[in-house]
Every structure is written in structure tokens, then in C-alpha cells.
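Dear colleague,

Please find below the structure that I am handing over to you. After it, I set out what was found, in an order that you can follow with the model open.

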Amino acid sequence: MSDVTTYQNYIGGAFAPSASGETRDNHNPATGALLSRVPESDANDVQRAVEAARGAQKAWAARPAIERASYLHALANKIRDNVDHLAAIIVAEQGKVAGLAEVEVNFTAEYLDYMGQWARRIEGEIIESDRPGEHMFLFRKPLGVVAGILPWNFPFFLIARKMAPALVTGNTIVIKPSEETPNNCFEFAKLLDTLDLPKGVFNVISGGGATTGNALSAHRDIDMISFTGSVATGSAIMHNAADHITKVNLELGGKAPAIVLDDADLDLAVKAIKDSRVINNGQVCNCAERVYVQRGVAAAFQQRIAEAMQATTYGDPGADSSVDMGPLINRKGLDKVAAMVESARQSGAEVLTGGQVADLGQGFHYEPTVLAACTPEMDVMRDEIFGPVLPIQVVDDLDEAIALANNSDYGLTSSIYTRDLNAALKACRELEYGETYVNRENFEAMQGFHAGAGKSGIGGADGKHGLYEYTRTHVAYIQT
């Protein structure tokens with residue numbers, strides 16, 4: 001019991017328990033061990049956090065952007081000094097393999113530095129007027145107070161993805177981590193607390209989505225809600241935001257198609273798609289979720305991808321740092337994956353490898369799985385799986401693959417494997433997705449713009465366009 005950490009909310013530059021005094025237990029998904037107790041925040045905690053952020057915002061925005069950015073750079077250095085500790089926290093509470101957890105921590109530091117470097121690059125415009133002697137200036141200004149509501153699959157990086165552009169553009173922020181993975185967020189706050197960041201600029205409150213998340217997204221003094229997570233929760237947030245016409249920025253998942261044509265480099269395609277399917281235990285919204293393979297290479301591709309998936313090792317990443325894959329986040333996630341595979345099997349899909357809950361004695365593990373003979377009507381081809389399951393459908397040509405890929409509620413990422421530049425460009429033109437990866441795994445760059453179509457969300461993140469999501473425009477007409 002002595003190893004169980006009790007965390008507190010971080011509001012107005014100080015750590016404090018929730019107003020209710022209630023806590024929530026946080027467990028290791030690989031072993032079931034109790035890791036921590038975190039505040040179960042209520043509306044009073046939300047009110048205190050929003051008031052702290054509102055109280056700090058004007059003075060924070062009045063500081064030069066380069067000064068605001070200096071805190072991001074200082075925090076990046078703090079993170080680099082604590083990589084092993086932070087990665088171990090992520091491994092324990094999320095089930096991520098150690099190598100990927102270390103990548104996440106280091107990438108977070110790089111992202112803070114990258115967004116900090118925009119301090120001297122935030123630009124307005126001078127617009128030509130229709131009137132003589134008039135000057136038109138477009139300014140970019142902060143929105144005010146941002147609510148950042150996080151998922152559990154990349155819990156550490158997504159703090160920075162929301163916080164860094166918000167702070168450098170002059171906003172303050174209230175972060176609510178996922179109830180599945182709050183520990184890393186409080187560790188983030190501990191590092192930040194060692195800096196002299198003005199009180200109230202950055203706040204963390206933990207709790208459930210139906211309580212804390214609902215109160216935060218419905219608060220009248222929030223100027224923007226940035227959320228990453230499920231479509232159902234995103235829809236609920238939009239309903240809350242509508243009452244106050246609050247801006248929303250939503251990333252809501254995907255069903256990424258991977259197209260493999262007859263002329264593809266199969267070594268490359270098999271490795272990239274396999275890596276894209278098992279990374280983070282299959283729980284990534286932008287990675288390959290279904291494959292459309294052209295008939296001429298279908299048999300060879302299916303055999304090789306099945307062998308690659310079968311060779312994937314899995315287990316408790318906290319006990320064995322060499323495994324390729326850890327557990328799913330919880331029982332609900334495991335049961336969902338198992339039910340989708342069984343439904344596909346009952347509908348005629350062929351299990352080439354895997355297809356079962358892994359019997360490791362503890363934890364929420366599912367075998368790396370490949371399903372052949374899949375059809376468009378199956379749930380595994382239409383709905384997000386969020387597990388290490390790869391369904392495959394054979395197609396005759398690129399046109400059929402594109403049509404099937406676009407027949408989806410989602411539109412986040414897509415990929416194609418081909419040596420034909422014309423085919424690749426045709427896919428980029430016609431795929432109705434925010435991103436298309438050609439002959440590489442699905443993983444975005446911080447200088448790009450990670451955004452989708454359809455039910456994959458509204459707005460986006462990263463790069464210049466992601467930075468400007470956290471600003472509003474103000475046009476001044478000056479007659480001289």
C-alpha cells in the first residue's frame with residue numbers, strides 16, 4: 001500500500017485535493033495492481049480551475065510571445081531530465097511498451113520546443129483597402145481560456161499538443177486527463193510547478209467524463225474546448241458547447257484504410273502495415289485499421305502479414321521491456337475487440353492468425369489477429385476496432401479500393417502502397433481523408449496538420465495551422 005501514490009489537482013499554481021474529498025483508483029492494465037488515487041473532481045473544482053485560468057489570462061497574454069515561449073523551452077528541458085521516470089509512469093498506467101513510452105516523452109519535449117519557436121512567427125496581415133487613406137490590419141489574438149480534455153492512448157504527448165499552442169498564443173488552459181491515465185499528467189504538473197510560471201496559466205483537474213468533463217465543457221467561461229477521443233463524447237461536448245457558442249476542436253478517431261496494389265513493395269507494405277497495426281497495442285486512431293489489397297498480390301500479402309503478426313510478441317511491458325505489444329486499456333476495450341472478431345468470424349471472415357483473448361493469467365491482452373475474406377458489411381471493416389486486429393478485403397483495382405475506403409463515417413488518415421506515382425497521386429486526390437501516407441507507416445509530423453473529415457472531427461492540430469486554431473482574428477479599419 002505504501003507504493004500507491006495519492007495525487008492532487010493543480011489549480012492556480014498549487015496542489016490541492018478535490019472539493020468533494022473523493023478519489024478514484026487507478027490500476028495497471030497489465031497486472032491489475034493499484035497504482036494511485038486521484039481526485040474525483042466536481043463542479044466546484046471545475047469552477048476554481050476556470051476562475052484561476054480566467055484570472056491569469058489577460059496578464060499572460062500581455063507578455064511578449066517570446067517570454068511565454070521561454071516557459072515551454074524550460075519545461076522541455078525538465079522533461080528531458082526525467083525521461084526514464086516519466087516513461088515508467090506511462091508504461092505502468094497505460095500498458096505502452098517501454099520504447100514507445102520513451103519516444104512519447106522525448107517527442108513531447110521536442111513538441112514544446114517546436115511550438116515555442118513559433119513565438120516570433122505568429123503573423124497578422126495588412127489588407128489592401130477599397131478606400132483612399134484607409135489601412136486594414138488583421139491581428140491574431142488569443143481566445144482566452146482553453147479546456148483540454150485528453151484521451152488515454154498518448155496521454156503525455158497530448159498534454160503538450162493542447163497546452164503548448166494555447167500558451168504561446170496567449171491563452172491559459174485547464175487540462176482534464178483521461179480517468180484511465182491521470183498519473184502522467186500530474187507528473188507533468190509537478191515538473192511545471194518547479195518553474196516560475198504565473199499562477200493559473202496551467203491547471204489540471206482529474207475526474208470522470210460524465211462529471212468533471214461535462215462540467216468543464218459546459219462552463220460558460222471556457223472559450224475553446226480541445227478534445228481528443230470518441231465520437232460519442234465529442235458529440236456530447238458539442239452539445240454542451242452549443243449553449244455558449246464555444247469553439248470546439250475535436251479529433252474523434254478513424255478507420256484508416258491501407259491500399260496495397262499489385263506493384264507494391266511487399267516487404268515495405270507488410271512491415272509498415274504491421275507496425276501501424278500493433279503500435280500502442282493497436283490503440284491509435286490514425287493507424288491502419290483495414291486493408292484493401294489488389295487481387296494479384298492478395299495471397300502473398302495475406303500470408304506474409306499473417307506471419308508478421310503471428311511473430312509479434314506481447315505481455316506485460318513493465319516486466320519485459322522487449323515485448324512488441326502490451327495490454328488493451330481495460331476490460332471494456334478487450335471485450336469490444338473480442339466481440340468484433342467473433343462477429344466477423346460468424347459472418348464468414350477467415351482467421352489467419354490470432355482471434356482470441358490471450359491467456360496470460362492477468363491483464364487485458366488480445367492476440368495479434370489477421371482476418372481475411374472480409375466484406376464491407378462487417379463491423380471490423382466499418383467501425384473502429386482499437387485493438388491489434390487487421391481485417392483484409394481483396395479488390396480488383398484502385399478505383400474499387402478508393403470507393404470502399406471512402407465508404408466510411410471517418411476520414412482521418414489513409415495510406416497506399418504502390419510504385420506508380422500516378423496511382424499514388426490519384427489516391428491523394430480522391431481519398432476523402434485529412435492525411436494520406438504513401439509507402440510509409442501512418443504517423444504524422446509535428447510540422448504538418450493533423451486533421452480529418454466526417455466523424456473524425458473538426459479542426460486540427462500541429463504546425464502553423466494547428467497553432468492558429470488557438471487564435472481569433474481582429475481586423476482594424478483605420479482611416480487617416
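Leaving aside its neighbours within four places in sequence, with which residues is asparagine 406 in contact? The answer is a run of four: Glu430, Leu431, Glu432 and Tyr433. Asparagine 406 itself belongs to helix 13, which covers residues 398–406. Its relative accessible area is 19%, and the cut-off for a buried residue is under 20%, so asparagine 406 counts as buried. Please keep in mind throughout that this is a predicted model.

The chain as a whole

The chain holds 15 helices and 25 strands. Its radius of gyration is 23 Å, close to the 23 Å that the globule rule gives for 480 residues, so the chain is as compact as a globular protein of that length. The C-alpha trace spans about 70 × 70 × 40 Å along its principal axes. Of the 480 residues, 56% count as buried. The accessible surface comes to about 19100 Å², and carbon and sulfur atoms account for 49% of that surface. Among contacts between residues at least 6 apart in sequence, 73% join residues at least 24 apart.

In soluble globular proteins, nonpolar side chains tend to be buried together. In this model, the largest nonpolar core has 62 residues, and those that touch the most other members are Leu75, Ile79, Leu112, Met163, Phe188 and Phe202. Helix 5 (residues 157–168) gives the most to this core, with 9 residues. Apart from neighbours within four places in sequence, leucine 112 is in contact with Leu72, Leu75, Ala76, Ile79, Ala160, Met163 and Ala164. There is also a second, separate core of 29 residues, which includes Ile259, Leu261, Tyr292 and Ala401.

Strands and sheets

Strands of a sheet pair through backbone hydrogen bonds, either parallel or antiparallel.

An open sheet of 3 strands has the order 6-7-25, and its pairing is antiparallel. Its edge strands, each pairing on one side only, are strand 6 (125–127) and strand 25 (471–479). From one strand to the next, the twist averages 25°. Strand 7 (residues 134–142) is joined to strand 25 by 9 bridges. Within this pairing, leucine 138 has valine 475 of strand 25 as its bridge partner.

Another open sheet, also of 3 strands, has the order 1-5-4 and mixed pairing. Here the edge strands are strand 1 (5–6) and strand 4 (23–27). Strand 1 pairs with strand 5 (residues 34–39) in the parallel sense, over 2 bridges. Threonine 5 has serine 36 in strand 5 as its bridge partner. Helix 6 (residues 183–193) packs on this sheet and touches strand 4 and strand 5; the direction of helix 6 makes about 65° with that of strand 5.

Is strand 17 (residues 389–395) mostly covered or mostly uncovered? Strand 17 is mostly covered, since 6 of its 7 residues are buried. Strand 17 pairs in the parallel sense with strand 14 (residues 290–294), over 4 bridges.

Two exposed residues

Alanine 299 lies in helix 10 (residues 295–310). With a relative accessible area of 61%, alanine 299 is exposed. Alanine 299 and valine 394 are 95 residues apart along the chain, and their C-alpha atoms are separated by 9.3 Å.

Arginine 220 sits in the loop between helix 7 (209–217) and strand 11 (224–228). What is the relative accessibility of arginine 220? The value is 62%, and arginine 220 therefore counts as exposed. From C-alpha to C-alpha, arginine 220 and leucine 404 are 42 Å apart in space, and they are 184 residues apart in sequence.

Yours sincerely,
A colleague

Technical notes
Residues numbered from 1 in each chain as written. Predicted model: local features only at pLDDT ≥ 70, side-chain atom pairs only at ≥ 80, totals over all residues. Heavy atoms only, no water. Pairing = 2+ DSSP bridges. Axes fitted to C-alpha atoms, helices over the stretch in contact; angles between N-to-C directions. Rg over C-alpha atoms; globule rule 2.2 N^0.38 Å. Buried < 20%, exposed > 50% of the residue type's maximum accessible area, 1.4 Å probe, protein only. Contact = heavy atoms within 4.5 Å. Areas by Shrake-Rupley, 256 points an atom, 1.4 Å probe, with all protein chains shown as cover. Core = buried A, V, L, I, M, F, W, Y, C linked by side-chain atoms within 4.5 Å.
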